[in-house]
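Thank you all for coming; please have the sequence and the model open while I talk.

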Amino acid sequence: MTENRPQGLSAATAAERLAAEGLNEMGHNRPRTIWAIAGEVVREPMFLLLLGAGAIYLLMGDVHEALILLGFVFIIMGVTILQERRTEHALDMLRTLSSPRALAIRDGVPTRIAGVEVVREDVLILTEGDRVPADGVVLEAHELATDESMLTGESEPVAKFADRDADQTQVREPDQVFAGTMVVRGQGLMRVTTIGEKTELGRIGKSLQTIAIETSPLRTEIGRLTRRLAFIGAGLSVFLAALFWWLRSDGLQGLLAGITLDMGILPQEFPVIMIVFFALGARRIAAHQVLTRRLNAIETLGETTVLCVDKTGTLTQNRMTLAALSVEGRLQAADDLAQRELPEHYHELMEYAVLASEIEPSDPMEKAFHRFAQDYLADTEHLHPDWALTREYELSPALPAMSHLWRDGSDRHDVVAAKGAPEAIADLCHLSPQAHQAMRRSADEMAGRGWRVLGVAKAKHPSGVAFPALQHDFPFELIGLIGLADPLRPEVPAAIDECHRAGIRVVMITGDHPGTAQAIAAQAGIDSRMVITGDEVSVMDVATLAARVAETDVFARVTPAQKLAIVTALKNNQEVVAMTGDGVNDAPALKAAHIGIAMGRRGTDVAREAAALVLLEDDFTAIVAAIQLGRRIFANLRQALVYTVAVHIPIIGLSIVPVLFGWPMILMPIHIAFLELVIDPACSIVFEAEKGSPRLMEQPPRPSSEPLISGRHLLLSIVQGGMTTAAALAFYSWALSIGIVTESARALAFIVVVVANATLIFSARSARPGWRGLFAGLSPIGLWVLGGTLLGLILITEVPGLAGAFAFQPPPSGLAFTAAVLGVSLLILFEASKIILRRR
């Protein structure tokens, strides 16, 4: 990249162009409109059942009851539409956050912006791993190549060149880069010519990115349970309607009883509860600086058994400082320098380390070299701001070293500076076995202190002679070694200890030297007794690798391909694997892992696209927090669904039993509508806001085969719902037997049911039986919901006008209080049932 970088657009011009020409988006999934959501609500079975019940009331001449039901229809529509709109907004925010980003030059300053904010004539910086956000022409190219397979179907990378060659002599037509393609090699500058739907990608109608709620085992399980219950409900409703007509010869009332039962059985809350939990869960996880790109990752978080992490920037601070210099086996620690001058013996080592770095470095190690050189070489002849960089030789998988060729103006020779892994520098220098062994001893000693070690070499090349094609062809001489320290994040050891207590293995996979990896692992609390290198991984067969990964937690000098092999081996061992990654080549491993976690700050667009989660701050503790929240969300979801099944049991019982015993009907469709309005907020708000057990991270991961609602949970729901049913029916029968009018007896049974359901929330919140913690920790929102529910109950049973609308008559106050006490007292039986079932 040249130093004469274009200034780009001004911020004001870019804003004007954005307003005039619109966002740079193609096929963007806009949120559904209110009318579209309303259309979906109208087709919901519960909505149709309410309309059917209202029509029957009209046929029976009960206009007042029909209007009340119609009012509930609009209330349910309003609540559903509001909830759907909030979910749509949350998902749209996720799409926006996870869309490709661009590094634009605005007012001469590189500025990170959202891809949708790119405008025509913007100058963008392209680096390896970026997704090109718009069509444009190449202004500068340094070994630039893009993957255009999504447009052409050809998998080979396409090299890109600017209008001049490297030595600025030959003029040519600049190449184009296209929106949606990936930069797979090099870096460059581009000027945007076309945005949005006018790009090549837009013209063929493809979308850059979408975020969808993907099918997952949990969604499949809930869908299957919902369909089964709906089928059972339909069958029982037809049976009840026929039985009512046969026993009482009243077809319309029988049809009304069947609709009431079907409304009570239909588990319409299940899909709603899951969407609300996952959408709000994604928002809670985002508060910990973790972006959820795929919502089904939330359910998998609680199953994670192995967490594979990189070292740099995840466990460490990614803030490199120069720790030591080594020349001819003599070690100089940076801490020992203090205010003293750097001994002359080490000047050349730092001189060539800077020459082997970028002029304007972004790499943390190169920044450390520049800072150290400015501190200790500023007044010496070892800094060369007047030299011209003539040729660069890049790092490659085969040779992890880079070289810069400088022209000093003397016309006698060019200076070549190289830096890289000690093994690569030894190869470049063609060291003798003895010299190579001595260098390895020094490198191992430095790496054993937790330092990252780089070698530095020098060479001369005659001016005017053609440059060799490979850096290996220069006559390099070894200068020395540099040790860099990347301090461990202070919060990491505690977080890793928390993972271990939660039954989660933490495996470090890094490209660093084995000694460095082992030292950092020991500091972090990762088992570092055994270290496997990438070279060892490459020669293992599948069975051997599977056996070794089961007992090894530190892997060093690992390439992206070997990282994929490690992840695959862990999966073959039946582990649930979460893995972090940041580079283009990490994408296969991120996709292979059950949960791919991309680095948000230093990660590439392709890594983010392959990942299910994105760390916005590249912080290891955020991963642990996300796992804890994943466990909490699953536990709360299970409690909510168990509660929902339990509160449906009384509705079924109170719909069927009066028909069998010849009693007046207890529940009408309007009562079911009221209960549905109570159940939904109780589950989606009270349970979702629960903080969860403080022992969540002290339990082993949940087996992936474990069902959401097991037989024990279903039995508990039936038992607790049966208790509420029995209490309500007994109180209703007793009230009728002492001469209480039907409307008042119905109100008393309804009070028992609603109060018992509210009481059941306290029991369902506590996973373990016992009184401790039953009433502690309920969220303010939960208290408001429960308070509002009880207030609504009082209004519809005690206020004459409202009571009449619900087919009630205010009962004697003493009996109403007794019914409420009966509902509350069921808490004893609820807790007793948990104790009995737990012992079984």
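Strand β9, residues 306-309, and strand β17, residues 505-509, run parallel and are joined by four bridges; helices and strands here are DSSP runs, numbered from the N terminus, with at least four residues of H or I for a helix and at least two of E for a strand. This is a predicted model, in which local features need pLDDT of at least 70 and side-chain atom pairs count only at pLDDT 80 or more, while totals for chains, interfaces and linings use all residues. Residues are numbered from 1 along each chain as its sequence is written, and side-chain values use heavy atoms, with hydrogens and water left out.

Within this pairing, C308 stands opposite V507 in β17. Is C308 buried or exposed? C308 counts as buried because its relative accessibility is 1%, where buried means under 20% relative accessible area, exposed over 50%, and partly exposed in between, with a 1.4 Å probe and protein chains only.

Turning to the whole sheet, it is open and has eight strands in the order β8-β22-β21-β20-β9-β17-β19-β18, with mixed pairing, and two strands are taken to pair if DSSP finds at least two bridges between them. The edge strands, β8 (290-292) and β18 (531-533), each pair on one side only, and from one strand to the next the twist averages 20°. Angles run from 0 to 180 degrees between N-to-C directions, and axes are lines fitted to C-alpha atoms, for helices over the stretch in contact.

Helix α16, residues 514-524, packs on the sheet and touches β17, β18 and β19, with its direction at about 150° to that of β19; contact means heavy atoms within 4.5 Å. Helix α19, residues 560-572, lies across β9, β17, β19 and β20, and runs at about 170° to β20.

Now to the rings, where Phe, Tyr and Trp (its six-membered ring) pair if their centres lie within 6.5 Å, with planes under 30 degrees apart counted as stacked, over 60 as edge-to-face and the rest as tilted. By that rule there are eight aromatic pairs. One of them is F474 with F476, which is edge-to-face because the planes stand at 70°, with the centres 5.9 Å apart; both residues are buried. Ring pairs link Y393, F474 and F476 into a cluster.

Another pair, Y643 and F687, is tilted, at 5.3 Å centre to centre and 45° between the planes. This pair links distant parts of the chain, with Y643 in helix α22 and F687 in helix α23, 44 residues apart.
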